[in-house]
Amino acid sequence: MQPGGRPWPGPTRDLLPYDGRVPGDSHERDVDGAISIEEIEDAVVDGDSPLPPHRGTARAALSHRTFRIVFLGAFASNIGTWMQNVVLGAYAYDLTHSATFVGIIIFAQLGPTLFLPMVGGLLADKVDRRRFLILLSLEQLVFSLGVALVVLSPHPSKVLLVVMVLMVGAGSAMFGPTYSAILPGLVGKEDLPGAISLNSAQMNASRVIGPVIGGVLYSLVGPAWIFAGNAATYLFVVAALLMVTLPAVPQPPTQASRWRQLTAGITVARQDKVVGRCLVTVFLFSLLALAFIGQMPVVAAHNLGIDLSKSADYGILYACFGMGALTGAISIGTVFAATSKPLLVRVCLVGYSLSLCAFALQRSPIPADVNVAVTGAFYFAFITSLNTTLQARVDESVRGRVMALWMMGFGGTVGVGNLLIGPVVAAVGITNVLLFGAGVALLLAWYADVRPPEVQVVLGAELVQ
């Protein structure tokens, strides 16, 4: 973003008709839309200047009433989601003692994110987003109750369990891009970095609270009541959405076919180098470097000697990861609010690689708790910085469809990775799988140069002078 919240000129904005000027800018463009040298120099000089302290921070985002209400509703709902997530993996492992079945459950949970976000993103750009989010929340409520009913049986059907989890995942897959698309309208572009940071923070605070509650209750009341409790928490986000009015979705005139409208996010990614590289990075990272999240029950049982059904140590381990992730996410809207997000992306990938290596080699719970917290901090500082960089480049009229691709990479490929990793873990061990993921993160630190191309050109010219 340029100072004052203006987006960098680039291919993304050229998807829509414009009059040859960047809004709010006095510079004239050439007929072909070329950017003048003066514009680039001003952008580089001014672009390194931080926003005024009251803009772009988490505190500024919270000053918006509508954002606060939706934020708190989503937070309460996500606590229930992570209660279910942490217990679901442990329950699947206790039921079968199979890393492969754990992978299947994680794929059922996240696999729909590979396909449905594009549909959800298109609908998010075409329909009333508020009503759509309420409908999706109620769908997840119903099938979470279905999960609870399945596990109540003394001999639960594994197939039916997978189907119910798959349906919850389908609703979540379309909810994600729609929820991401409403954030700029809740706070405005100037405060968007703070809103994204807070949104990541609430997701990860729920990773702390949910696993602690779920881990304790798992040994006390069993999984069915936890899954039913998760179903009830969807009512919080429904209530929050009923209390607010969301901005109307802009509908620019278009004669594009339905297929071109559906794939508009891919067109943006192909035309804008920063958008494309952000998406490739999150796809590869989630596919190859995040196995430890879905396979956390295997790490806990095999490497750390934790009894999943009788000890609270598993819930504590997951909560420590969430605490670290919360710290990393909130730091982007506070301590590092004025720091270059493209720089943070690469630094955090290196930190994640090193901390994941250390976690893979731990063999006792307490040091592992500390280490997984550091890993979580680097992970979500990286994700939040990358997400902020991406959203700063995207036009509102295609935001839902671009964020659909983000959700496919952020969530869907994690499910595929765990489906593929299950048999690999059985063959080579969980430690080697984690070390491989650390190596992938280190390679991505080299690849993930997501600075705006205009800045790269000018900085390169300065280096050769």
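H97 is exposed, with a relative accessible area of 59% (exposed means over 50%, buried under 20% and partly exposed in between, using a 1.4 Å probe and protein chains only). H97 sits in the loop between α3 (65-96) and α4 (99-110), and its phi is near 55°, a positive value in a residue other than glycine. Keep in mind that this is a predicted model, where local features need pLDDT of at least 70, side-chain atom pairs count only at pLDDT 80 or more, and totals for chains, interfaces and linings use all residues. Residues are numbered from 1 along each chain as its sequence is written, and side-chain values use heavy atoms, with hydrogens and water left out.

**The chain overall**
- The protein chain has 20 helices and zero strands; these are DSSP runs numbered from the N terminus, with helices (H or I) of at least four residues and strands (E) of at least two.
- Of the 465 residues in the protein chain, 57% are buried.
- Among contacts in the protein chain with a separation of 6 or more, 84% are between residues 24 or more positions apart, where contact means heavy atoms within 4.5 Å.

**Nonpolar cores**
- The largest nonpolar core has 100 residues, and L161, F285, F292, F359, Y379 and W406 touch the most other members.
- A nonpolar core here is a set of buried Ala, Val, Leu, Ile, Met, Phe, Trp, Tyr and Cys residues joined through side-chain atoms within 4.5 Å.
- Leaving aside residues up to four places away in sequence, W406 touches L279, V282, I383, L386, N387 and L390.
- Another core, of 28 residues, lies apart from the largest one and includes I69, L136, L186 and V244.

**Helices α14 and α19**
- The axes of α14 (residues 296-303) and α19 (residues 430-447) come within 10 Å and cross at roughly 130°; axes are lines fitted to C-alpha atoms, for helices over the stretch in contact, and angles run from 0 to 180 degrees between N-to-C directions.
- V298, V299 and N303 in α14 meet I430, T431 and L434 in α19.
- By class, this contact has four nonpolar, two polar and no charged residues (Ala, Val, Leu, Ile, Met, Phe, Trp, Tyr, Cys and Pro are nonpolar, Asp, Glu, Lys and Arg charged, and the others, Gly among them, polar).

**Cysteines**
- The structure holds zero disulfides, a disulfide being a pair of cysteine sulfur atoms within 2.5 Å.
- C348 counts as buried at 6% relative accessibility, whereas C357 is partly exposed at 27%.
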